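Here is a short report for a first look at this structure. Keep the sequence and the 3D view at hand while reading.

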Amino acid sequence: MIWNEKIETMPLADLKNLQSQRLASLVGYVYKNCPIYKQKLDQAGVATSDIKSIDDITKLPFTTKLDMRDNYPFGLFSRPRTELVEIHVSSGTTGNPTLVGYTRDDIKLWSDVMARCLCCAGAEPDDTIQIAYGYGLFTGGLGFHYGALEMGLTIIPTSSGQTKRQLKIMQDFAPRILACTPSYCLYMAEEAKEMGIDPRQASWKIGIFGAEPWSESMRTEIEQTWNMLATDVYGLSEIIGPGVSQECRHKQGLHIFSDVFYPEIIDPDTGKPVPEGGDGELVITTLTKQGIPLLRYRTRDIVSMTTAPCKCGRTSPRTSKIKGRTDDMIVVRGINVFPSQIEHVLLGIDGTHPHYQIVIDRQAHQLDTVDIMVEVDEKIFSDEIKKMHALEQKIKKEIEAMLSIGVEVKLVEPKTIARSEGKAKRVIDKRAL
Amino acid sequence: MKITQISVFLENRKGRLCDVCSLLGSAGINIRALTIAETESFGVLRIVVDKPDKAIDMFKKQNITANKTDVVAVEVPDQPGGLARVLKILSDNDVNVEYMYGFVEKFSKNALLVFRFDDAIRANKVLAENNIPIVTADDISGL
């Protein structure tokens, strides 16, 4: 079924009218309610009356992660704090995290787009869903929760981790839908086999996987291992969390809910639009959000987009899976990691600036591992093993606190980390994504 | 009287200890005492050599992480209970031993042990007060 049939199957011309109206009122709204945006629009020489059609969107300035950081915590908001009913934070590149907040209407919007996602993946109102995304400051768990609640599914909010219990619950309550990161799904297959459970007999028939990049080969592996349909969901907390776009059962790209999240594909260097089908940076404008609406937010995700009709009948454009990033962000176990965060921690260790390298790996059917190699120079070296151990532990703990994921720290000899043209390669990603 | 120990950071990789010892050998630097403390992934080689400054310079040039540590070389009677007596005196005077190891050869009829104390100055004082002989840097380079 299609959750919001009127909107999701709207003829493109009508959709464009709706987007145009919404954009015009959005620009007026942020100009009036957010001093930062007023300033940005004034600086760009854009009057609210200049924005009449969605095609005028290219006149508007971009919003970047830097804008969010510089105006942390509440500078980019268009509503007073008292009107927010929920806030979430995700890790920032350095120092301040990224804060987002939702008004009551924003939560309604989130519930609606997540219900669209669930239906798009194939959920029916009588279904039971096991939500194994983390609940908490991470938007994954609660986003799915609101959508499933809106749709009237039976929710099993297992959150992430405790794999044996996840599998026991799957056996006992037979949910047909599973929502988690794709790597966790494969990891659970291994655990299932050890427990004597045949994954092909599992109750899960539809998986909604996201929060990290994954390949077509991984999809095939998941579908064959679990005998389920594996669909891709996309989102980012700055826009709403999960619920920006979702694959239908035809798996021909992710339907982006363009009536509320208007997509553009641009050349990341020039900022100019890329012709349909070409690769570029996905830029999203939140047409109806209230708490922290964003104009032309640069996601830094590289995708392509098509408006060709889909067999499922939904008319909104479809984006490809994420093909890359315009920055050095890496996603590990659903968590965004920037090398600069690790650098920041290391700088704080006795004020030194050691060379380091991040090695991300994924053994077959295992969760991603993060090894941080730190070169030991004279400043941090001690003849006492216990001090070296303490140093190793201190680096590990501080990085884990910063990133919210487990890492291993390995102390290595100087100059063992390869340098190319004098610059060390900071990230070695061995995963086959 | 303190002497200089050189501590070297070594990853647990094949041939690393051999590399370091070969470097010392080709520079004509003689190892007088040594010990290795190791963990799963790395080790610390601690050595007393006849030319510590030369050794440190060489390690720096070779990008090997090394530093100098003050240790005390103590002559301990080479007989049953000899070490226990020395340790008892130190313990009674609240001097803690971080680690210790033996010299390759004897300096006199006594055994020669390297001590890394938490407080080397206090240790020197206690040892002197109890007439326990310690060895100077000059003695080491002459060994």
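This is a predicted model: local features need pLDDT of at least 70, side-chain atom pairs count only at pLDDT 80 or more; totals for chains, interfaces and linings use all residues.

The pairing belongs to strand β11 (residues 280-286) of chain A and β12(A), which run antiparallel and share four bridges.

β12(A) also pairs with strand β15 (residues 324-325) of chain A. Here two bridges join the strands, again in the antiparallel sense. D301(A) faces R325(A) in β15(A). How many residues of strand β12 (residues 297-303) of chain A are buried? Five of its seven are, so the strand is mostly covered.

## Two crossing helices

Helix α5 (residues 104-121) of chain A meets helix α6 (residues 139-151) of chain A. Their axes come within 7 Å and cross at roughly 80°. Angles of 65 to 115 degrees count as roughly perpendicular, and α5(A) and α6(A) are therefore roughly perpendicular to each other.

Residues on both helices make the contact. From α5(A) they include I107(A), W110(A), M114(A) and L118(A). From α6(A) they include F144(A), Y146(A), L149(A) and M151(A). By type, the contact of α5(A) with α6(A) has 12 nonpolar, three polar and two charged residues.

## Where chain A touches chain B

Each chain gives residues to the contact: 15 from chain A and 15 from chain B. On the side of chain A, the elements that give two or more residues are α11 (385-403) and β20 (408-412). That side of chain A divides into seven nonpolar, one polar and seven charged residues.

Note on methods: Residues are numbered from 1 along each chain as its sequence is written. Chains are lettered from A and ligands numbered from 1 in the order in which they are written. Axes are lines fitted to C-alpha atoms, for helices over the stretch in contact, and angles run from 0 to 180 degrees between N-to-C directions. Angles under 35 degrees count as roughly parallel, over 145 as roughly antiparallel, 65 to 115 as roughly perpendicular and the rest as oblique. Two residues are in contact if their C-beta atoms, placed from the backbone, lie within 7 Å. Ala, Val, Leu, Ile, Met, Phe, Trp, Tyr, Cys and Pro count as nonpolar, Asp, Glu, Lys and Arg as charged, and the others, Gly among them, as polar. A residue is buried if 20 or more other C-beta atoms lie within 10 Å of its own, exposed if 12 or fewer, and partly exposed in between; C-beta atoms are placed from the backbone. Two strands pair if DSSP finds at least two bridges between them.
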